[in-house]
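Me: Could you walk me through a protein model, step by step? I'd like to learn how to read its features.

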Amino acid sequence: MAGSPWVVLPTYNEAENIESMVRAVLAALPGARVLVVDDSSPDGTGVIAERLAAELPAVSVLHRPRKAGLGRAYVSGFAHALSGGATHVIEMDADFSHAPEDLPRLLASAHAGADLVLGSRYVAGGGVTEWGLVRRAISRAGCGYARHVLGVRVRDMTGGFKCFRADALHAIAYETVRSQGYAFQVELTFRALRRGLQVDELPITFRERQLGESKMSWRIAWEAAVLVPRLRFGRRRVLRAPAIAAVAPSGSGEPDQLPIH
């Protein structure tokens, strides 16, 4: 299925969501491929994903030996999608916080010329449901902080619902990103803007997960707060994308992922 868009779903303990999510993605985007990147979930998410891959030719599973962070899961997933001939690579949560029915709109915007399309909570028409006032305030403040420090106009800098053209991922040297969580999302978007790529925002409604537990932590939020000024004022490196290769964790001889199926 070379020449298809790929949807990358990183998972850790998403057994309650993964089957319905995969089927919903394929229903929304017929002809797409779905790559589940599972960090050896103890709840059996990877086993369910393997069963789906055996049933559905459009589904693949990448098993990683341990929980190693959202950013590294996406980097591994991007590499496999691109090596499989992806025209576009979409990242989204596996817990239905991002609605699969929004996928065609994101892909259509990319086909219309955008290098990166953001599913945005904070443009006109976008929003969040089932969050309390404190969480809403923290999220808004985090996006505002990133926008102010980085000097950009993109309103949703921390969102994780994105569609990249394949060439755009190469242009931002995605494989060199080492941040995680919110920081990973901020860095990807900022790299695209710094390279002069066209970044569009489309309104989405972000929904709180109904099943499973949130992976959010204060450590993830703190990493984003510290990274933002480094992105703006740190030493700039020339972004050149080397050949795609599996990346091993720093200081470890253990592979970052197990074979894909």
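Predicted model: local features only at pLDDT ≥ 70, side-chain atom pairs only at ≥ 80, totals over all residues.

Me: Where do nonpolar side chains usually go?

Reply: The general idea is that in soluble globular proteins, nonpolar side chains tend to be buried together. In this model, the largest nonpolar core has 41 residues, and F78, V89, L150, M157, L169, I172 and Y174 touch the most other members.

Me: Which helices and strands each supply at least two residues of that core?

Reply: On the strand side, look at β1 (5-11), β2 (33-38) and β5 (116-120). On the helix side, look at α3, α5 (133-150), α6 (166-171), α7 and α8 (218-233). Helix α3 gives the most to this core, with 7 residues. There is also another core lying apart from it, with 32 residues, including L26, V59, A94 and A114.

Me: Let's stay with α3. How do I read the way α3 packs with α7?

Reply: Look at the angle and the distance between the axes. Helix α3 (residues 70-83) and helix α7 (residues 181-194) pack at about 45 degrees, with their axes 8 Å apart. Angles under 35 degrees would count as roughly parallel and 65 to 115 as roughly perpendicular, so α3 and α7 are oblique to each other.

Me: Which residues meet there?

Reply: From α3 you have L70, G71, Y74, V75 and F78, and they meet G181, F184, Q185 and L188 from α7. Sorted by class, the contact of α3 with α7 has 6 nonpolar, 3 polar and no charged residues.

Me: Can we zoom in on F184? Is F184 buried or exposed?

Reply: Buried means under 20% relative accessible area; F184 has 0% relative accessibility, so F184 counts as buried. F184 sits in helix α7. Leaving out residues up to four places away in sequence, F184 touches G71, Y74, V75, F78, E91, V177 and S179.

Me: What is the C-alpha separation of F184 and L227?

Reply: Their C-alpha atoms are separated by 9.3 Å, although F184 and L227 are 43 residues apart along the chain.

Me: Now for charges. How many salt bridges are there?

Reply: The idea first: side chains of opposite charge can pair when their charged atoms come close. A search of the whole structure finds 9 salt bridges. One of them joins the side chains of R51 and E19, at 2.8 Å from N to O. R51 lies in helix α2 (residues 45-55) and E19 in helix α1 (residues 18-28), so this pair ties together parts that are 32 residues apart in sequence. R51 is partly exposed at 42%, and E19 is partly exposed at 26%.

Me: Where do D115 and R165 lie?

Reply: The side chains of D115 and R165 meet in a salt bridge too, at 2.4 Å, N to O. D115 lies in the loop between α4 (103-111) and β5, and R165 in strand β7 (residues 162-165), so the pair ties together parts 50 residues apart in sequence. D115 is buried, with a relative accessible area of 10%, while R165 is partly exposed at 24%.

Me: And R121 with D156: are they buried or exposed?

Reply: R121 counts as buried at 6% relative accessibility, and D156 counts as buried at 2%. Their side chains meet in a salt bridge of 2.7 Å, N to O. R121 is in the loop between β5 and β6 (127-129) and D156 in the loop between α5 and β7, 35 residues apart.

Key:
Residues numbered from 1 in each chain as written. Heavy atoms only, no water. Axes fitted to C-alpha atoms, helices over the stretch in contact; angles between N-to-C directions. Helix = DSSP H or I, 4+ residues; strand = E, 2+ residues; numbered from the N terminus. Parallel < 35°, antiparallel > 145°, perpendicular 65-115°, else oblique. Contact = heavy atoms within 4.5 Å. Nonpolar A, V, L, I, M, F, W, Y, C, P; charged D, E, K, R; others polar. Core = buried A, V, L, I, M, F, W, Y, C linked by side-chain atoms within 4.5 Å. Buried < 20%, exposed > 50% of the residue type's maximum accessible area, 1.4 Å probe, protein only. Salt bridge = Lys/Arg side-chain N within 4 Å of Asp/Glu carboxyl O.
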